[in-house]
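Hi everyone, thanks for coming. Have a look at the structure on the screen while I talk.

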Amino acid sequence: MAFTRTAGKHRRPTRAPRTTRSNANIAGIATLAASGVVAGFAAPALAATDDPRGFEDTGLRQAVAMDDQLAGQVEAQAESQQSAAEEAAAKAQAEAQARKEAARQAAETKRKAEAAAKKAKQEREAKERAAREAERKRLNTFVSPITGSYLSTGYQASSGLWSSGSHTGVDFHASSGTSVHAVGSGTVVEAGWGGAYGNNIVIKMNDGTYTQYGHLSSIGVSVGQTVTPGQQIGLSGATGNVTGPHLHFEARTSPDYGSDIDPVAYLRSHGVNI
């Protein structure tokens with residue numbers, strides 16, 4: 001009796017459907033491998049075969065193992081990226097702080113330089129003011145026409161030696177060649193022979209008065225020249241109408257003879273101690 005093979009529910013199923021599902025799992029893992037994180041695991045997964053004991057391999061074990069390793073590598077990569085980000089942030093913060101400190105130091109250096117320049121300017125201006133004040137005082141100062149001398153003949157002393165009958169000035173004791181000084185600041189209006197005065201100099205003082213220096217052995221200034229207190233203008237002598245070397249000194253209200261005033265009072269009024 002012949003039997004025929006019939007298809008039905010008792011027929012043993014083939015492996016094709018299960019293989020298709022395993023391949024789908026492997027394809028999913030390969031897709032993850034494309035990101036570069038687990039590329040090294042793709043090839044083993046794709047090369048998976050049936051278990052040699054006869055059991056078919058669905059790819060689940062490989063997927064689970066790769067999933068664990070993938071998670072570990074992703075976590076390590078995240079930690080590395082976070083660490084790198086933190087280092088970059090710390091470096092940026094340090095650089096910003098360094099720039100801020102450099103700017104602060106530059107500003108402080110500039111401030112100190114400006115303060116030093118201001119102080120130097122103030123000190124320079126103070127010195128200049130002091131120098132101008134000292135010069136002003138010097139120019140307004142009066143001195144004796146002969147240093148360390150004394151009066152040998154007083155003002156308005158009577159004698160037949162003078163044409164007016166009295167002395168129009170004072171005589172300072174001085175040997176020939178003694179330095180004669182301008183008593184104050186002024187301009188020379190006469191320098192030369194003055195008759196009975198011999199070699200003489202007349203100076204218009206800055207205050208408008210006039211001073212005269214007579215009987216000089218030599219003259220060291222010229223008309224129009226400005227002079228300052230204590231400046232040497234000539235040397236004492238015995239020229240003109242004299243009986244011996246000395247300096248004849250007069251104070252006047254004009255350059256002309258006869259406008260004389262008391263020379264001692266004049267000098268004392270300007271601070272000269274005679």
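I'll go through the salt bridges, then one histidine.

Quick housekeeping: this is a predicted model, where local features need pLDDT of at least 70 and side-chain atom pairs count only at pLDDT 80 or more, while totals for chains, interfaces and linings use all residues. Residues are numbered from 1 along each chain as its sequence is written, and side-chain values use heavy atoms, leaving out hydrogens and water.

So, how many salt bridges does a search of the whole structure find? Five, where a salt bridge is a side-chain nitrogen of Lys or Arg within 4 Å of a carboxyl oxygen of Asp or Glu.

One of them joins glutamate 101 and arginine 104, at 2.7 Å from N to O. These two are three residues apart in helix α3 (residues 60-140), so about one helical turn separates them. Helices here are DSSP runs of H or I, at least four residues, and strands are runs of E, at least two, numbered from the N terminus.

Glutamate 108 and arginine 111 form another, with the closest N and O atoms 2.7 Å apart. They also sit three residues apart in helix α3. Glutamate 108 is partly exposed at 26%, and arginine 111 is partly exposed at 44%. By relative accessible area, buried is under 20%, exposed over 50%, and partly exposed in between (1.4 Å probe, protein chains only).

Last, histidine 215 in strand β6 (residues 210-219). Histidine 215 is buried at 6%, and a polar atom of its side chain lies 2.7 Å from the backbone oxygen of threonine 239.

Key. A polar contact is a pair of N or O atoms within 3.5 Å; within protein, one must be able to donate a hydrogen and the other to accept it, and residues adjacent in sequence count only if both atoms are side-chain atoms.
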